[in-house]
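Subject: Structure handover

Hello,

Please find the structure below, with its sequence. Some notes on what was found in it follow.

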Amino acid sequence: MDAIMQAEAIKYPWAEELEKTVVNSLATSFGLDFLLFKDKEGGDVDTIHNVRKGVWATDQERQRYEQRGEYDKDVAAAYHQHKNYKDTGDKHKKLQREGKLHDPYRGRTMEIKHDERNLDHVISAKEIHDDGGRVLAELPGVELANQSSNLQSTHQTINKSKNSTPINDYLNKLPGLLNARKETLAKDQQLLASMKRDTPEQQHKARELEDKIRKNNETIKQLESIDPSEMRKKDAAARAPYNQQIERKYYTSSKFLTQTATASGLAGLKMGTRQMLGLVLAEVWFELREQIPEIFEKNKKNFEFGKFIEGVKETLQGIWRRVQARFKDFLISFKDGAFAGVLGSATTTLFNIFATTQKAGIKIIREIWGHLVKAIKLIIFNPDQLSFVDLCKAVVSVLSVAVSTVVGSTVYVQLLPLCSFPFGSELAAFAGALVTGIVTLGLNYFLLYSNIAQKLWTFVDTLMPHAGAVKKFQAINAELDRYLTELARLEFNLDADDLEKFSYELAACNDEIQRGMLLKEEVAKRGIELPYEMGNTASTRKWLTSLTK
């Protein structure tokens, strides 16, 4: 077995396959790609996740966000004069008087006399006003900020300390705020201890410092009373409905659906065009590679312009013949490429809902889908009617090309910034295509000829015990089809009247024995030669057995 595999490996056309892979890669992934696709961070469709990071797909949405207006005093007043804000404040005020107002930021009931109450926007009004996701969804910030889920009463000290900072950020900074206040408190206490109180002015300054120390102590007390876990729970409870409303509004809007459909359609058109033109250019190159040396040989000793023009004409005709011969393949390539482009664009948009894809990532997604479509078509249609193991090999081979293209694309992306000199981008593209070709051949060799692969395919074949029987039945069926076709062509040498009479006689038969006798008589009458003796079971079995050998 090892000797057979080595012989097959030696016969494998490595140079031709490498050239073919490199040329196809240069003509598609690394040649036409940068002309047809203008990949950018975040893709071509605006998503809530991306705009919140300042990544915009369209200038129109970027400009609309920039024109939202600053969060100034007038805007802040509108957020704090909303009807539900005032009603909630009155309701909480009444509950505090009754001793029933709970402050989840501190995990306690607010006291009537000692707790100065403030109504806090859990997600601050400023954060909501400046939220790119809200602007993208075209939802009013004042209404979102003043939902009951986003309003919470707490101690005035905590509310003012938090201000417009998101709760998670505020809690992360809280230990530093406390340490700073404690350091200030210690310094003020030392200063107070050293202050003189001889004159009224000195006494007044001492009382001012004492009041400052008292207020600082109270602030430290309130900040230390914060329950971080409960505060985070309240923040999560406010953000969940807030984000759901924004996402539902935007991702079901005609604006998002139109952007997605347009981007996918254009990507499909570009990808289909790229794949088709890439095949055409590859065929042109292969024809030129064959014809140019011949033209050179004919004209290097005795150059004649007429012969040169004739050679060019023959080359162009050869190119046209190659293109015509593969016209159907070009259309299939365009269709497959268009489908892959649509799926690649849709996948990129889906990814951008949760994370921002980089330019290199968008290209890799597109290339993977280009080969996944081919693999899926193989699995579903199996156009060459391959056996299970051979089909698995073909699918894995296609997927290995996808892996190789990803590796080559990564190399190309890494080299491109380094190749800033003239023709540097072309050099990077060639390097990427060369790596793609080498990795493709390496993977294919491993999958076809390595000992591990052979053991794997043998094991897979053992999992399909019916595979041999299927082949035998397929051969039998094919042979029967051939005889039936021949019989149909001959039509038993009957004219229309005889055929009608024969049909009636055949239909009048009550069982298989009668039908068999009628057919045997007709075969003998017409002189039809059969590969077996009718009515002889052993002869029939012998013929069927011969078909499987």
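We can begin with L434, which is found in helix α20 (residues 424-449). Helices and strands here are DSSP runs, numbered from the N terminus: a helix is a run of H or I with at least four residues, and a strand is a run of E with at least two. At 31% relative accessibility, L434 counts as partly exposed. The words used for this are defined by relative accessible area: buried is under 20%, exposed is over 50%, and partly exposed is in between, with a 1.4 Å probe and protein chains only. L434 also belongs to a nonpolar patch on the surface, formed together with F421, L427, F430 and I438. Together these residues have about 450 Å² of accessible area. A patch is made of residues with over 30% relative accessible area and no salt bridge; nonpolar side chains (Val, Leu, Ile, Met, Phe, Trp, Tyr) are joined within 5 Å, and like charges within 9 Å. Accessible areas come from the Shrake-Rupley method with a 1.4 Å probe, and for residues only the protein chains shown count as cover.

Before going on, two points about the source. The model is predicted, so local features need pLDDT of at least 70 and side-chain atom pairs count only at pLDDT 80 or more, while totals for chains, interfaces and linings use all residues. Residues are numbered from 1 along each chain as its sequence is written, and side-chain values use heavy atoms, with hydrogens and water left out.

Helix α21

Helix α21 has 12 residues (451-462), and at 1.5 Å a residue it should span 16 Å. The expected span is 1.5 Å times one less than the number of residues. The end C-alpha atoms of α21 are 17 Å apart, which agrees. Which residues of α21 are buried? They are A453, Q454, W457 and V460. These cover an arc of only 125° around the axis, which puts them on the same side of α21. The arc is that of the directions from the helix axis to the C-beta atoms. On the other side of α21, I452, K455 and T462 are exposed. An α-helix has 3.6 residues a turn, so residues three or four places apart point the same way.

Salt bridges

How many salt bridges does the structure hold? It holds 24. A salt bridge is a side-chain nitrogen of Lys or Arg within 4 Å of a carboxyl oxygen of Asp or Glu. Side chains of opposite charge can pair when their charged atoms come close.

One of the salt bridges joins the side chains of D87 and K83, at 2.7 Å from N to O. D87 and K83 are four residues apart in helix α7 (residues 83-97), and are therefore separated by about one helical turn. D87 is partly exposed at 36% relative accessibility, whereas K83 is exposed at 60%.

D103, in strand β1 (residues 102-103), forms another with R106, where the closest N and O atoms are 2.7 Å apart. D103 counts as buried at 0% relative accessibility, and R106 counts as buried at 4%. The side chain of D103 also makes a polar contact of 2.9 Å with that of T154. A polar contact is a pair of N or O atoms within 3.5 Å; within protein, one must be able to donate a hydrogen and the other to accept it, and residues adjacent in sequence count only if both atoms are side-chain atoms.

The side chains of K182 and E224 meet in a salt bridge of 2.9 Å, N to O. K182 lies in helix α12 (residues 167-194) and E224 in helix α13 (residues 200-224), so this pair ties together parts that are 42 residues apart in sequence. There is also a network: E61, R64, E138 and K255 are joined by salt bridges that share partners.

Some single residues

E138 lies in the loop between α9 (132-137) and α10 (141-145). E138 has a positive phi of about 60°, although it is not a glycine. N163, in the loop between α11 (156-162) and α12, is not a glycine either and has a positive phi of about 55°.

N243 lies in helix α14 (residues 228-251). N243 and I48 are 195 residues apart in sequence, but their C-alpha atoms are 9.5 Å apart in space. The side chains of N243 and R52 are joined by a polar contact of 3.1 Å.

Regards
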